[in-house]
Amino acid sequence: MSLWGTLTGKRTSSGSPAPTTTGSDTTLQEASPTSSFQSTPFDPSSAQDVSSFLGGASLPDPSQLHPLAGLNQQTLDYLSLDESALSDLPGGRSALPSRGWSDDLQYGTGVTYLSALTLGGAYGMVEGLRRTPASAPPKIRLNSVLNSITRRGPFLGNSAGIIAMVYNGINSIIGHYRGRHDSANSIVAGALSGMLFKSTRGLRPMMISGGLVASAAGVWTIARKTLF
């Protein structure tokens with residue numbers, strides 16, 4: 001190696017001859033074995049059809065996929081929710097199954113509101129037909145009827161719904177402290193709710209409203225005892 005090659009790190013090409021292939025190497029390459037692949041013929045009788053993997057033995061049991069599968073139902077403790085139990089107060093049975101004051105409040109208020117709304121709408125329709133003469137055009141009669149229905153129906157429905165809501169609340173409170181539901185609870189609750197509804201009109205309207213609602217509560221009590 002020259003001095004310049006030592007400094008630059010380059011090596012000079014040597015004059016050694018390239019290797020040549022001898023006759024013996026050629027004979028070894030020709031004598032090396034060659035691999036050959038032979039495919040076996042397809043036998044249709046050995047193929048699997050759809051029923052082989054859709055059989056009952058290969059698929060899992062669907063009942064075992066449930067999260068509670070494998071539990072002993074005889075020793076399993078179930079949760080008993082108090083909210084699903086019906087009211088056990090004496091005299092608490094009504095037209096519909098009740099679980100307590102919340103059901104009475106919803107059923108009583110809803111039924112009373114819809115009933116009063118229907119009665120008020122029917123009264124408004126009759127009133128609208130009476131106010132317009134028979135010779136009036138159909139559009140004028142229809143307008144008068146609709147005005148009377150929308151005025152009488154919601155007014156009577158809202159008023160009865162408020163009274164029913166207060167009545168059911170007071171009746172539930174009295175029944176809770178007395179431990180039973182009877183006619184006295186309904187009549188007292190009706191009188192108090194009617195008086196509270198007209199409390200801003202003076203003493204006389206209060207007494208009249210309380211008497212009317214108490215009478216209606218008494219009639220409902222008698223009907224409930226007779227029918228239910």
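This tour goes from a helix pair to a second pair and ends at a core.

Before you start: this is a predicted model, where local features need pLDDT of at least 70, side-chain atom pairs count only at pLDDT 80 or more, and totals for chains, interfaces and linings use all residues. Residues are numbered from 1 along each chain as its sequence is written, and side-chain values use heavy atoms, leaving out hydrogens and water.

**Stop one.** Select residues 101-131, helix α3, and then α4, which covers residues 138-178. Helices here are DSSP runs (H or I, at least four residues), numbered from the N terminus. The two pack at about 155 degrees, their axes 6 Å apart; axes are lines fitted to C-alpha atoms over the stretch in contact, and angles run from 0 to 180 degrees between N-to-C directions. That makes α3 roughly antiparallel to α4 (the label for angles over 145 degrees).

**Stop two.** Where do they meet? Among the α4 residues are I163 and V166, and α5 brings residues including V188 and L192; contact means heavy atoms within 4.5 Å.

**Stop three.** Now pick Y167, I170, I174, A189 and A217, the largest nonpolar core. Such a core is a set of buried (under 20% relative accessible area, 1.4 Å probe, protein chains only) Ala, Val, Leu, Ile, Met, Phe, Trp, Tyr and Cys residues joined through side-chain atoms within 4.5 Å. Helix α4 gives the most to this core, with three residues.

Definitions and conventions. Buried means under 20% relative accessible area, exposed over 50%, partly exposed in between (1.4 Å probe, protein chains only). Angles under 35 degrees count as roughly parallel, over 145 as roughly antiparallel, 65 to 115 as roughly perpendicular and the rest as oblique.
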